Amino acid sequence: SATNMDLTPELIAQPNNSGKTPSRIIFRGGCIHVVKLKAFPNTTECVSKQVICSINKRYELGILIIIVDLATKVGFKNAVSKHAGIRLYNPVGNCDGVYKSERYFNCPPNCGICVPLEDVYVPVP
């Protein structure tokens, strides 16, 4: 399936549509088409698959580890409810699977990130 394809983690160009929601992302060796994770009717189908997430206006590859509904957690009254816990290929994240003092998954330091589903993309054919 397209979401399991082996992509090189070296992003060489940003989406070519003036910063709007990407429809394709250019990597070394070609480009891939993507859709937002939140567009999937059952987002849990994408757990353990390769995803691309937006971090500080850059795009990084990783593996979707968990989807967490933060609205059900104490202390997240105004949080965007659904977040994705992602293990990144490159150490450009901000955690090791701990988010707001709670462990959601395990990964090496700075290889984890927890981002709103809005910022996660899934490769498609």
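Author: **A polar contact and its surroundings**

The side chain of Lys 36 makes a polar contact with the side chain of Glu 118, at 2.3 Å. Keep in mind that this is a predicted model. Lys 36 belongs to strand S3, which covers residues 30-36. Is Lys 36 buried or exposed? With a relative accessible area of 13%, Lys 36 counts as buried, because the cut-off for that class is under 20%.

Now for the wider setting. Of its 125 residues, 40% are buried. Among contacts with a separation of 6 or more, 51% join residues 24 or more positions apart. The protein exposes about 6,900 Å², and carbon and sulfur atoms supply 50% of that area.

Next, the nonpolar interior. In soluble globular proteins, nonpolar side chains tend to be buried together. Here the largest nonpolar core has 15 residues, and the members that touch the most others are Leu 37, Cys 53, Leu 64, Ile 86, Ile 113 and Val 120. Two or more residues of this core come from each of strand S4 (50-55), strand S5 (58-69), S6, strand S9 (112-116) and strand S10 (120-124). Another core, of 8 residues, lies apart from the largest one, and its members include Val 68, Tyr 99, Tyr 104 and Phe 105.

One more stop is Cys 95. Cys 95 sits in the loop between strand S6 (82-88) and strand S7 (98-99). Although Cys 95 is a loop residue, its relative accessibility is 11%, and it therefore counts as buried. What does Cys 95 touch, not counting residues up to four places away in sequence? The list is Cys 107, Pro 108, Pro 109, Asn 110, Cys 111, Gly 112 and Ile 113. Ile 113, as mentioned, is also among the core residues that touch the most other members. As for Asn 106, which is 11 residues from Cys 95 along the chain, the C-alpha atoms of the two are separated by 9.4 Å.

Methods: Residues are numbered from 1 along each chain as its sequence is written. This is a predicted model: local features need pLDDT of at least 70, side-chain atom pairs count only at pLDDT 80 or more; totals for chains, interfaces and linings use all residues. Side-chain values use heavy atoms; hydrogens and water are left out. Buried means under 20% relative accessible area, exposed over 50%, partly exposed in between (1.4 Å probe, protein chains only). Contact means heavy atoms within 4.5 Å. Accessible areas come from the Shrake-Rupley method with a 1.4 Å probe; for residues, only the protein chains shown count as cover. Helices (H or I, at least four residues) and strands (E, at least two) are DSSP runs, numbered from the N terminus. A polar contact is a pair of N or O atoms within 3.5 Å; within protein, one must be able to donate a hydrogen and the other to accept it, and residues adjacent in sequence count only if both atoms are side-chain atoms. A nonpolar core is a set of buried Ala, Val, Leu, Ile, Met, Phe, Trp, Tyr and Cys residues joined through side-chain atoms within 4.5 Å.
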